[in-house]
Amino acid sequence: QVQLVESGGGLVQPGGSLRLSCAASGRIFSINSMGWYRQAPGMQRELVASIPSGGSTNYADSVKGRFTISRDNAKNTVYLQMNTLKPEDTAVYYCNAAVRTTPWGTPRDYWGQGTQVTVSS
């Protein structure tokens, strides 16, 4: 019913930048929070940043001051601008959205397929 499609991952040198995008489509009445998670090999998935439909953003301590999350509600799209990338940022990055598909329904979590970000010289 709802699809999240990510783009923008790739290989970048330490200190470089990447911008991830995630577009939601399908049966969408409204989207509450949107966010980015990441999972490195052998590690649990962790929250990187989140942004509600209104209100302040939230960041993991490890990315504060380097990453910026934003969203375009008209396009149902969330972005993650990643600057000053470090090797420890290497992971698969997943987009998440809490979507209401009907006016009376409760929001449900949807996930993208993931995009690889590799920071290496």
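## Before we start

Residues are counted from 1 along each chain as its sequence is written, and side-chain values use heavy atoms, with hydrogens and water left out. Because the model is predicted, local features need pLDDT of at least 70 and side-chain atom pairs count only at pLDDT 80 or more, while totals for chains, interfaces and linings use all residues.

## A sheet of four strands

Let's begin with an open sheet of 4 strands, in the order E1-E3-E8-E7, with antiparallel pairing. Strands (E, at least two residues) are DSSP runs, numbered from the N terminus, and two of them pair if DSSP finds at least two bridges between them. E1 and E7 are the edge strands, each pairing on one side only. From one strand to the next, the twist averages 15°; the axes behind such angles are lines fitted to C-alpha atoms, and angles run from 0 to 180 degrees between N-to-C directions.

E1 and E3 are antiparallel and joined by 6 bridges. Within E3, Gly26 is the bridge partner of Val2, and Cys22 is the bridge partner of Glu6.

## Two faces of a strand

In a regular strand the side chains alternate between the two faces of the sheet. E7 has a covered face with Phe67, Ile69 and Arg71, and an uncovered face with Thr68, Ser70 and Asp72.

## The disulfide

A search of the whole structure finds 1 disulfide, a term for a pair of cysteine sulfur atoms within 2.5 Å. Cys22 and Cys95 form it, with their sulfur atoms 2.1 Å apart. Cys22 lies in strand E3 (residues 18–26) and Cys95 in strand E9, so the pair ties together parts that are 73 residues apart in sequence. Both cysteines, Cys22 and Cys95, are buried, and their link is left-handed, with -80° about the S-S bond.

## The nonpolar core

A nonpolar core is a set of buried Ala, Val, Leu, Ile, Met, Phe, Trp, Tyr and Cys residues joined through side-chain atoms within 4.5 Å. The largest one has 30 residues, and Trp36, Leu80, Met82 and Tyr93 have the most contacts inside it. E9 gives the largest share, 5 residues.

Contact means heavy atoms within 4.5 Å. Leaving aside neighbours within four places in sequence, Tyr93 is in contact with residues including Trp36, Leu80, Met82 and Val117.

## A loop residue: Thr102

Thr102 lies in the loop between strand E9 (91–100) and strand E10 (108–111). Is Thr102 buried or exposed? Thr102 is buried, with a relative accessible area of 10%. Not counting residues up to four places away in sequence, Thr102 touches Arg27 and Phe29.

Definitions and conventions:
Buried < 20%, exposed > 50% of the residue type's maximum accessible area, 1.4 Å probe, protein only.
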